[in-house]
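Here is a short report on a structure that may be new to you. Look at the sequence and the model, then read on.

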Amino acid sequence: MLSFGIPMLSSRRFWFVMAAIVIGLLPLVFTDSYWQTNLIVCAINVLLAVGLDFVLGYAGQLNLGQSAFYGIGAYTSTLLIMNLGTPFWIAFVCGVLLSGFAGMLLSIFAVRLRGHYLAIASLGFAVITYQILLNWISLTQGPLGIYAIAPPPPLGIPGLPAIEFSNLANLFYLTAGFALCTYILLDQLVRSPIGETLTAIREDEVSAASLGINCQRWKVFAFAVSSAVAGAAGCFYASFVGTLVPDAFFITESFTILAMVIVGGMGTLIGPVLGAILLTVLPEVLRGIGDLRLIVYGVSVTLVVLFMPGGMVQAGRLIFGRLHRRAISAEAGSAP
Amino acid sequence: MLTVILQQGINGVVVGSLYVLVALGLTLIYGVLVQINFAHADIVTLGAFAAYFVTHLLSGNYFAGIAVALVVGGILGWLVNATIFLPLRERGSELLPLIATIGVSIMLQNAMLILLGPIPYAFNTPYSSQVIRFSGIFLTVQNVLIIVVSALTIALLYAFMKFTFLGKALRAVSQDRETAGLMGINPNYVIMLTFVIASALAGMSGAMLGPVLVLTPFAGTTVIVKAFAIVIIGGFGNVEGTIIAGLLVGLIESYTTQFLDPGLIDIVVFALLLLTLAVRPTGLVAEKREENV
Amino acid sequence: MIYRPFRKLRVPAIVIGGLLVASASQLHAADKVIKIGALFPISGPGSYFGVQDKQGVELAVEQLNKSGVNGYKFEVQYEDSACSPLPASQAAKRLIDQFKPDVAIGEECSDATLAIMPIMAQAKVPLLNAGSSSIKVTQPGNPWTFRIMPNEVMQGVDIATNAYKRLNARTAVLLHENTNAGIGNAKVFAETFTKLGGKILADIGFGRDVNDFTSIATRVAGLGKIDVIPTYTLEGQGLKITQALAQAGVVKGGGGKAIQLGTIWLPFGFEQKAGKAALGYVRIVQFDPTDKRAVVQDFIKAFKAKYNQAPTHINAHAYDQVMLIADVVRRGGKDAQSIRDGLAATKNFSGVTGSAEFDKTNQNIKMDTVHYMETMPDLSWKALKWN
């Protein structure tokens, strides 16, 4: 990481603390409910994008089925809460586990397929999941929808007043905090030998196998983690929006998440975060131009892919690289 | 009951033929380039609109509309190849062109939305209201047209691939690009040609689909996901397989509608897809393909 | 030298003074604006509604602002709710935070409307709806949500009863899109019809992405003697269904005996697109262009003059929403609370789609919004005076 010679800046812990501080300050800067809503959506999208990049950018598996796990998490937790009265956090864990399990199911295909086959298989998985959510009306209410879903229950801390999550700022702290923890966890995974294993599988599966890596097991692992994270995002989505309809989990959602990963920078962890934030905020900021909004969206994705495939991370590195070189040459130039 | 079964069989073949036309383009591109073009759906839509405008507004006849759609499709295919696939070829990533075509697809759809609006256009040809009836079966002249044109197209394509030099060059490039290059075939030229043919097919299928589809800028997307499923079930790059798979999916649609529920069509089709991938990933129709699947 | 203090300030003072007076008068004029927030789907497939809603709203606002109402002019801000709960919630919040409307109109899709209702209620801004048929919009009795179109229960019970009694229908096959509105409407018809003694032979739902209805028509054809086919779908798919049913020889337009029934989903002009296949179609329309009332005919004339096309029921709904707000302003409404109270107290409002009077759940209960039409062989409408 470029640090301009300042040791503190290269400490990961420093950046994580900075992130936490920024998260803490954001709702104080954006105080109206419209922007606080957008912040929460950002946090949820960050979760989705980072989760996808783990299996896509690091393990190299072409997974287009993220929308399915998103939906499974959302519906599982909501149905448990509304039909069985399950306490929120237990339902949350169940949603995460079930999504993770579904991810493992999909990984059965991943184990045997590569490239575009896996892409279409995962797409097929997403279509089937969507259709089940849509048609199994007796279970999910289908297009009739589930309404009046409550936000997470208030968190009581002894000695302090309970934290109400109907307050948007608090809900943002919850989701963004969870996203940050997930990021830190994945970051540790990626920088550990596990991360190297996944990268090996991504680069050349045959060679990896010849090194004694059990590709099958690690693919299953990557899928499980990725889909579990998506499931968590789904749980937050349901309790945040309050209304659950299957259309929120149509396959186009998978493409949106994919775009966030690509535009941000695939194969890095910070990339999806940047991509998610940009592609969440951009359509909102562009609301003023009405009809052209989605065209601009499509154009940006295409241009990034064509000219800057490493996404914003690559752009960032280019810019900082240039600044760094200028700083160095300035020093060198001014040497006596 | 027999009449119903027979009728649904005919319905299935008609719908299946349309799917085959759309899927053929995809499979051709994949065979030669190992790439998926997500904007294929929008070329279908644009072909449908082109045919609509020629037929309805310029009071041309329907066949002129089909011809125009073919040309429009071909031009678009050339454009997509020249601006996206060619420049990205060197980068090596499997995923980037796919994403780029997703971006192109979003652009095209929304541009069409602005220009054409969201209200469905009623594409009626004189053939769609002429109904042929015999022993309890009904068939519109439009349906007959669809089957005839599809069969003709497939036959022509088949002949092209098997008997002409370009067709053989295409197959050579799809089997092994490097060796084909060594043999004096210019892969880039062949790939460009493939794109043009595949997209012309897409445009034409749009013209045939126009009277069948609910014609809005989103029309192509309603058929494209099934087209992907067909391409896989039939085997990527395998023309015979695509035809069989397309007809199969068409029949699945009509029989599922008859005996179960239209809402379950997608589930049945994609369950078949996943089954194929689990059991026989190269597709239902065996082809001698060396591929790291 | 004569002492002339402030001489250099003379010109600036005049300028500033002039500006102050001008801005004061601007403020005075700006005071008298009613801000209408419009939440409609403008992007994606839902823009089918949004585009038409905007036309109706623009026409109404243009007419009203020529002379104002009680000294008030109307200002509209559109936000894209995209027919879906999350974008609709975001659009609603943006509207409230940034535009601060006195009243809001929208949405079209029931899920989106249900999602924005609590937001509007919390912000204490009345929401006037003319597009969602789900009973859930008014049933709980939200004091801040008003609906002027008849809901699925009002329409469904009425048409099922009329089918049984006036058309002597005893068997029915339901065809509907798999959405909130489609399923809801079909359910109401089925319940009423069976309670009266009729029989539902099949209930066939299909997704919005289904294009080819030949298979469905074939299945329907194999069901035996069918009297009526209630169909709940938008015009794109509706066209295909009607044509397919005619091809299969099921409906009157294809030589069969069954009569298609519909509610307010299909616009005027449908017959011209469907051709002979639409013969005998009986349906409820909310906007009857053959209605002789002056307000209807004037609306049609003005719409044609501005847009060069005949108005649909969606245009008419949007127009009525704004006109009803104007009526409330005429009666003294000037901010969110007073407009809300004014809406609740509405009597004797006669709009293009019919009259408006709200019951205690804020649902418009005037049945003259329910007009029945039958398609004649020459593709014109004959008004059946069933209400």
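Chain B has 11 helices and two strands. Helices (H or I, at least four residues) and strands (E, at least two) are DSSP runs, numbered from the N terminus. Along the sequence their pattern is α-α-α-α-β-β-α-α-α-α-α-α-α. The radius of gyration of chain B is 19 Å, close to the 19 Å of the globule rule for 293 residues, so chain B is as compact as a globular protein of that length. That radius is taken over C-alpha atoms, and the rule is 2.2 Å times the number of residues to the power 0.38. The C-alpha atoms fill a box of roughly 60 × 45 × 35 Å along the principal axes. Of the 293 residues of chain B, 60% count as buried (under 20% relative accessible area, with exposed over 50% and partly exposed in between; 1.4 Å probe, protein chains only).

This is a predicted model: local features need pLDDT of at least 70, side-chain atom pairs count only at pLDDT 80 or more, and totals for chains, interfaces and linings use all residues. Residues are numbered from 1 along each chain as its sequence is written, chains are lettered from A and ligands numbered from 1 in the order in which they are written, and side-chain values use heavy atoms, leaving out hydrogens and water.

Now to chain C. Five of its strands form an open, parallel sheet in the order β2-β1-β3-β4-β5. Two strands pair if DSSP finds at least two bridges between them. The edge strands, β2(C) and β5(C), each pair on one side only. Three bridges join β4(C) to β5(C). Asn129(C) stands opposite Arg147(C) in β5(C).

The angles run from 0 to 180 degrees between N-to-C directions, with axes fitted to C-alpha atoms, for helices over the stretch in contact. Contact means heavy atoms within 4.5 Å.

| Helix | Residues | Lies across | Angle |
|---|---|---|---|
| α4(C) | 110–123 | β1, β3, β4 and β5 of chain C | about 160 degrees to β4(C) |
| α11(C) | 313–330 | β1, β2, β3 and β4 of chain C | about 160 degrees to β3(C) |

Which cysteines of chain C form a disulfide? They are Cys83(C) and Cys109(C), with sulfur atoms 1.8 Å apart. The cut-off for such a pair is sulfur atoms within 2.5 Å. The link is left-handed, at -95 degrees about the S-S bond. Cys83(C) sits in the loop between β2 and α3 of chain C, and Cys109(C) in the loop between β3 and α4 of chain C. Both cysteines are buried.
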